[in-house]
Each structure stands twice: as C-alpha cells, then as structure tokens.
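Open the model in your viewer and keep the sequence panel beside it.

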Amino acid sequence: MEKGNRRKPRASDIKDCGAIEQDADLIMLIHKASDESSKRTIIIDKNRNGEPTELDCDFVGENCLFVPENSNSNLCSH
C-alpha cells in the first residue's frame, strides 16, 4: 500500500501471496488511520467459523498490546 493511502486493508490485498487468502480459515488485518493516533482497527475480513467484523482498539506499543476501546482493563497501567 502506498504511503499516505489510509484506506482500510482487505483480504484481496494479499492475493499475490500464493494461496494464503484461499487456504486461510481466518484473515485478520490491522488498520492505522493516522500517524498521530494510537487507535487501530482490527479487521477480521475472513472467518470460516464466524462472521467478519471490526474491532476498534488502542495500541500500547511498549507492551505490544491491543486493548479494546472502552475497556476497563488495567493491563496497560504501570
């Protein structure tokens, strides 16, 4: 994807990676809307055992952790 292009990724973006898209049971993609934000969207584009969905998260880089927005989790507290 070109730098500056902020469209959400799709499973079709990995079509040129052999049979990964076809063989996978689950395809999860991460979308970062802007450089200034810790917000990320986890996109489940393909799910053979459920529905495709999107989950908005905060990314905590120092812990490499995705925390669902509006979560009461204290996993990020120091």
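The tour below goes from the whole chain to single residues.

**Before you start**

This is a predicted model: local features need pLDDT of at least 70, side-chain atom pairs count only at pLDDT 80 or more, and totals for chains, interfaces and linings use all residues. Residues are numbered from 1 along each chain as its sequence is written, and side-chain values use heavy atoms, with hydrogens and water left out.

**Stop 1: the whole chain**

Show the cartoon. The protein chain has one helix and four strands. Here helices (H or I, at least four residues) and strands (E, at least two) are DSSP runs, numbered from the N terminus. Follow the sequence and you read the pattern α-β-β-β-β.

Now show the surface. How much of the chain is buried? Buried residues make up 18% of the 78 residues. Buried means under 20% relative accessible area, exposed means over 50%, and partly exposed lies in between (1.4 Å probe, protein chains only).

Next, think about contacts, meaning heavy atoms within 4.5 Å. Among contacts between residues at least 6 apart in sequence, 20% join residues at least 24 apart.

**Stop 2: the sheet**

Select the four strands. They form an open sheet in the order E1-E2-E3-E4, with antiparallel pairing. Two strands pair if DSSP finds at least two bridges between them. Which strands are at the edges? They are E1 (26-31) and E4, and each pairs on one side only. The twist averages 40° from one strand to the next. That angle is taken between axes, which are lines fitted to C-alpha atoms (for helices over the stretch in contact), and it runs from 0 to 180 degrees between N-to-C directions.

Walk across the sheet, pair by pair:

- E1 and E2 run antiparallel and are joined by six bridges. Pick Ile27 and you find Lys46 in E2 opposite.
- E2 (residues 39-47) and E3 (residues 53-60) also pair in the antiparallel sense, over six bridges. Ile44 faces Thr53 in E3. The two strands form a hairpin with five residues between them.
- E3 and E4 (residues 65-68) run antiparallel, with four bridges. Cys57 stands opposite Pro68 in E4. This hairpin has four residues between its strands. Click on Cys64 in the turn: its phi is positive, about 50°.

**Stop 3: the nonpolar core**

Select Ala11, Ala24, Ile27, Leu29 and Ile43. These five residues make up the largest nonpolar core. Such a core is a set of buried Ala, Val, Leu, Ile, Met, Phe, Trp, Tyr and Cys residues joined through side-chain atoms within 4.5 Å.

Zoom in on Ala11. Leave aside its neighbours within four places in sequence, and Ala11 is in contact with Glu21, Ile27, Leu29 and Asp45.

**Stop 4**

Select Thr41 in strand E2. Is it buried or exposed? Thr41 counts as buried because its relative accessibility is 9%. Its side chain makes a polar contact with the side chain of Asp56, at 3.1 Å. A polar contact is a pair of N or O atoms within 3.5 Å; within protein, one must be able to donate a hydrogen and the other to accept it, and residues adjacent in sequence count only if both atoms are side-chain atoms. Not counting residues up to four places away in sequence, Thr41 touches residues including Lys8, Leu29 and Glu54.

Move to Arg40, also in strand E2. Arg40 counts as buried because its relative accessibility is 13%. A polar atom of its side chain lies 3.3 Å from the backbone oxygen of Ser38. Beyond four places in sequence, the contacts of Arg40 include His31, Asp56, Phe59 and Phe66.

**Stop 4: two rings**

Select Phe59 and Phe66. They form an aromatic pair that is tilted, 4.9 Å centre to centre with 45° between the planes. Rings of Phe, Tyr and Trp (its six-membered ring) pair if their centres lie within 6.5 Å; planes under 30 degrees apart count as stacked, over 60 as edge-to-face and the rest as tilted. Phe59 is partly exposed, at 25% relative accessibility. Phe66 is partly exposed too, at 31%.

**Stop 5: Val67**

End at Val67 in strand E4. Val67 is buried, with a relative accessible area of 8%. Draw a line to Cys57: the residues are 10 apart in sequence and 5.2 Å apart in space, C-alpha to C-alpha.
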